[in-house]
Amino acid sequence: NTYNECWGLVVNEREFAIIGSTAGTHFFDITDPYNSVEIGFVEGAYTGGGVIHRDYHDYQGYLYAVCDEGNSSTLQIIDISNLPDSINVVYDSNQLFSKAHNIFIDTATAKLYACASTNYAMDIYSLSDPINPILIHSYNDVGHVHDAYVRNDTAYLNCGNDGFRIVDFHYL
């Protein structure tokens with residue numbers, strides 16, 4: 001299980017693949033797929049063979065990275081606005097949560113949804129300031145939120161043994 005997640009995006013008219021591994025986050029320029037090259041790496045706060053799952057989402061020039069294992073996995077926010085020339089970690093802390101299984105960002109409402117976070121089924125953060133997320137709600141009406149898709153505050157949640165849920169978060 002050396003590699004465990006991938007995310008794709010376009011920055012500055014170039015295509016990039018972000019690959020999670022047991023060591024951290026790898027950045028590849030795949031604009032020319034026959035000549036793909038790793039252009040950067042950010043070490044995870046928790047590393048090693050025990051890392052099974054990292055997850056990524058991007059918003060307004062930042063990549064948000066989480067890990068589901070360890071007690072110091074942190075939320076990492078990485079400035080990717082200058083890819084392929086630079087990658088800068090602008091936030092790396094477990095103050096908000098120490099792990100999350102998946103994340104989703106509702107770009108229409110600037111909210112980050114952290115699934116199966118440290119203490120709750122799902123935490124919701126405002127990204128009105130993209131490098132300083134603010135907790136606005138903890139959802140705990142189910143035992144576990146494995147994954148989420150959210151559009152305009154309507155969340156479609158895979159809740160594992162608790163099934164599929166559709167939740168309206170317009171009140172936040």
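**Loops, cavity and patch**

A110 counts as buried because its relative accessible area is 13% (buried is under 20%, exposed over 50%, partly exposed in between, with a 1.4 Å probe and protein chains only). This is a predicted model, so local features need pLDDT of at least 70 and side-chain atom pairs pLDDT 80 or more, while totals for chains, interfaces and linings use all residues. Numbering runs from 1 along each chain as its sequence is written, and side-chain values use heavy atoms, leaving out hydrogens and water.

Back to A110: it sits in the loop between β9 (102-106) and β10 (111-115) (strands are DSSP runs of E, at least two residues, and helices are H or I, at least four, numbered from the N terminus). Its phi is positive, about 55°, although it's not a glycine. Most residues other than glycine have a negative phi, and most peptide bonds are trans.

Q60 has a positive phi too, near 45°, and you'll find Q60 in the loop between β5 (54-59) and β6 (62-67). Q60 is exposed, because its relative accessible area is 55%.

Then there's the peptide bond between L83 and P84, which is cis, with omega about 5°. P84 belongs to the loop between β7 (75-79) and β8 (88-93).

The largest cavity has a volume of about 40 Å³. β5 and β6 each give its lining at least two residues, with β6 supplying the largest share, 3 residues. Among the lining residues are R54, Y56, A65, V66 and C67.

Out on the surface, I134, I136, Y171 and L172 make a nonpolar patch with about 370 Å² of accessible area together (areas are Shrake-Rupley with a 1.4 Å probe, and only the protein chains shown count as cover for residues). Patch residues have over 30% relative accessible area and no salt bridge, with nonpolar side chains (Val, Leu, Ile, Met, Phe, Trp, Tyr) joined within 5 Å and like charges within 9 Å; a salt bridge is a Lys or Arg side-chain nitrogen within 4 Å of an Asp or Glu carboxyl oxygen. L172 lies in the segment after β15 (164-168) and is partly exposed, because its relative accessibility is 31%.

Note on methods: 1 Å grid on protein atoms, 1.4 Å probe; cavity = no way out; pocket = protein on both sides within 12 Å on 5 of 7 lines; lining within 4 Å. Points joined across faces, edges and corners; volume = space filled by probe spheres on them.
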